[in-house]
Amino acid sequence: MPVHVQPEEFSMVFFDAHEIRALTEELAQEIGLPAELSITVDVDETTPLGRSVVQSVDPVVIHLESGALEDAKRPRQLDPVGAADVLGRLLLAVRDRLDPAFGDAPPDDDLPLPHSVAWQVYSVGRLSRLGHRTNRQRRLYQFRNRHGFTDTADAAFDRLWAAEGLTWAELVQISDEARSALPA
């Protein structure tokens, strides 16, 4: 599986392109992406912010601001656990987008925030079941902020976290049902 990391050498952060490449290759294999799939991981090291998106699926281009991979306790250093969380979540979204059964989700920049958060919960739940360390409480709080602090939202979160094989329509339905319990 060809994985390309841009830049090949970092000058503003102390990241190693080879380490990012190896982690991405390992995750892509675990997730079940096709072996012939070419993946580019484009890291913007000029900002400490943490935005991360799937920019393209054909070819696969993942764009990250360096803060998305950075260790919160050691500025400008790569956090392998956090990087696996971010890259794994995005690679699972790529797998979903490549699966015709999943359906046609909008591009990342066009996703309504509640649906984006629901998809992140669904992805990170699957990543957790693959044996990666994730922060369930962080995802629950993020989900509640977009879907409400209600029993309905918590039940929706649990469904997404434990789910396998959801379609985009099912994911949207779960998210929308959770939001429907919010007071007017």
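Contact here means heavy atoms within 4.5 Å. Keep in mind that the model is a predicted one.

With that in hand, look at Phe-143. Leaving aside residues up to four places away in sequence, Phe-143 touches Val-117, Ala-118, Val-121, Gly-148, Ala-153, Ala-156, Phe-157, Leu-160 and Ala-178.

## The nonpolar core

Phe-143 also belongs to the largest nonpolar core, which has 56 residues. Together with Ile-39 and Leu-64, Phe-143 is among those with the most contacts inside this core. Helix α2, residues 80-98, supplies the largest share of the core, with 9 residues.

## The sheet

Now turn to the strands. Four of them form an open sheet in the order β1-β2-β4-β3, and the pairing is mixed. At the edges are β1 (3-6) and β3, each of which pairs on one side only. On average, and ignoring direction, neighbouring strands of this sheet are turned by 15° against each other.

Two helices pack on this sheet. Helix α1 (residues 17-31) touches β1 and β2, and its direction makes about 145° with that of β1. Helix α2 touches β2, β3 and β4, and its direction makes about 30° with that of β3.

## A closer look at β4

Which strands pair with β4, and in what sense? Strand β2 (residues 39-44) pairs with β4 in the parallel sense over 6 bridges. Strand β3 (residues 52-57) pairs with β4 in the antiparallel sense over 5 bridges, and a hairpin joins β3 to β4 through 2 residues.

## Covered on both faces

Is β4 mostly covered or mostly open? Strand β4, residues 60-65, is mostly covered, with 6 of its 6 residues buried. In a regular strand, side chains alternate between the two faces of the sheet. You can follow this along β4: Val-60, Ile-62 and Leu-64 point one way, whereas Val-61, His-63 and Glu-65 point the other way. Residues of both sets are buried, His-63 and Glu-65 included. One of them, Leu-64, brings us back to the core, where Leu-64 is among the residues with the most contacts.

Definitions and conventions
Residues numbered from 1 in each chain as written. Predicted model: local features only at pLDDT ≥ 70, side-chain atom pairs only at ≥ 80, totals over all residues. Heavy atoms only, no water. Buried < 20%, exposed > 50% of the residue type's maximum accessible area, 1.4 Å probe, protein only. Helix = DSSP H or I, 4+ residues; strand = E, 2+ residues; numbered from the N terminus. Pairing = 2+ DSSP bridges. Core = buried A, V, L, I, M, F, W, Y, C linked by side-chain atoms within 4.5 Å. Axes fitted to C-alpha atoms, helices over the stretch in contact; angles between N-to-C directions.
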